[in-house]
Amino acid sequence: MEAYILTQNGGIETLQRTTLPTPQPAAGEVLIKTKGIGINPIDSQVRSSKEMLNMITNGNTPDIVVIGWDIAGIIEQVGAGVEGFTAGDEVFGLINMPGLGSTYATHVTAPASQISLKPSKLSFTTAAATPMAALTAWQAVVTLAKVQKGERVLIHGASGGVGHLAVQLAKYLGAYVIGTGSAKNESFILGLGADEFIDYATTPFEQQVKEMDVVIDTVHSIPHVLRSITVVKTGGRLIYLQPHFQSALSPLLEAAHVAGHGVFVHSSGKELREIASLIENGYLQPHVSTVLSFDQLPEAHRLQENGKPAGKIAVAVS
Ligand SMILES: NC(=O)c1ccc[n+]([C@@H]2O[C@H](COP(=O)([O-])OP(=O)(O)OC[C@H]3O[C@@H](n4cnc5c(N)ncnc54)[C@H](OP(=O)(O)O)[C@@H]3O)[C@@H](O)[C@H]2O)c1
């Protein structure tokens, strides 16, 4: 099979295309012929930082590292003991998070418990771009925040991969949603169903909102998340996407009587099936702004790191 290996931690030139033996599915696994790969911020973070790589592999980094976690494709082989999937099924998944998903390859083995049938209305590239962002949004909005009908929810980074799905999930649950983003993405965010938009470049959000039931803060900045605490009502919930911020946030969370939760997304075929059902029924629409070819995969990192358009980046694999 063809794959991109990580030759060392560094810039995009450290992603090197090569030929590797096609893996065989172990018991409980399937072998997927890749049709699409989703690109996420963590891909660049793990590529560029040895510390992040060792964190994600829990110190067990193999000699040959293939990164990437999001995939959509067609099952080619089914390992022993797998039920519910057969060769020819079109599937998508977030593979081995936390761990190495190794989806930057034309074939990928995946635990059957981490995949779902692909929603028929999604292309392979849109499906590939969905699992990590959608599972993060799900685990933030549904699992941790437990958003309820009528609650007021502020979502920062509402045009981003996670944010645009979090807005749709919160609306599906019946919340009043306010999204922040840059001016160029105002109509995109309102088009997702957000009730209000705040341009973060011109308007400090504290001037516009207060007493929120829930804030979902996707911005990678401790000062930003500290500002978010100030707009959550007593007894409200703040969800942030950088779990290592916890010690810096705890004193203010306690003082404000706000429940703070850091998300660390994990693979889940069960949750992905619920997400797939929402997509099939028209409640959730993942948005892909850019599709690149497998040859261009390193360029996808450059784009992700340099102010990409709203939504997600995907790679098509033929
Ligand atoms: N802990 C976890 O399990 C987990 C899982 C997934 C992602 N993450 C992390 O969560 C972050 C977001 O991920 P993503 O996939 O959504 O990234 P993304 O697709 O790159 O989106 C980030 C968005 O943030 C917006 N933004 C930047 N500065 C902002 C500000 N000051 N206020 C409001 N919005 C702002 C940008 O919007 P504009 O273009 O409109 O400026 C951009 O669309 C990343 O740091 C990622 O590493 C963590």
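Okay, where does N58 lie? N58 is in the loop between helix 2 (50-56) and strand 4 (70-78); helices (H or I, at least four residues) and strands (E, at least two) are DSSP runs, numbered from the N terminus. Before I go on: this is a predicted model, where local features need pLDDT of at least 70, side-chain atom pairs count only at pLDDT 80 or more, and totals for chains, interfaces and linings use all residues. Residues are numbered from 1 along each chain as its sequence is written, and side-chain values use heavy atoms, with hydrogens and water left out.

Back to the backbone. Most residues other than glycine have a negative phi, and most peptide bonds are trans. N58, though not a glycine, has a positive phi of about 55 degrees. Then there's the M97 to P98 peptide bond, which is cis, with omega near 5 degrees. You'll find P98 in the loop between strand 5 (90-94) and strand 6 (107-111).

Now, the ligand. There are 26 residues around it, and the closest are S182, Y200, L241, V263 and V265; a residue gets in if one of its heavy atoms lies within 4 Å of the molecule. By class, that shell has nine nonpolar, 15 polar and two charged residues. Nonpolar here is Ala, Val, Leu, Ile, Met, Phe, Trp, Tyr, Cys and Pro, charged is Asp, Glu, Lys and Arg, and the others, Gly among them, are polar. Domain 1 (2-130 + 286-316) and domain 2 (133-262) each give the shell at least three residues, with bounds from an automatic or database domain assignment.

So who touches the ligand's oxygens? A backbone N or O atom of V265 is 2.7 Å from a ligand oxygen.

Key. A polar contact is a pair of N or O atoms within 3.5 Å; within protein, one must be able to donate a hydrogen and the other to accept it, and residues adjacent in sequence count only if both atoms are side-chain atoms.
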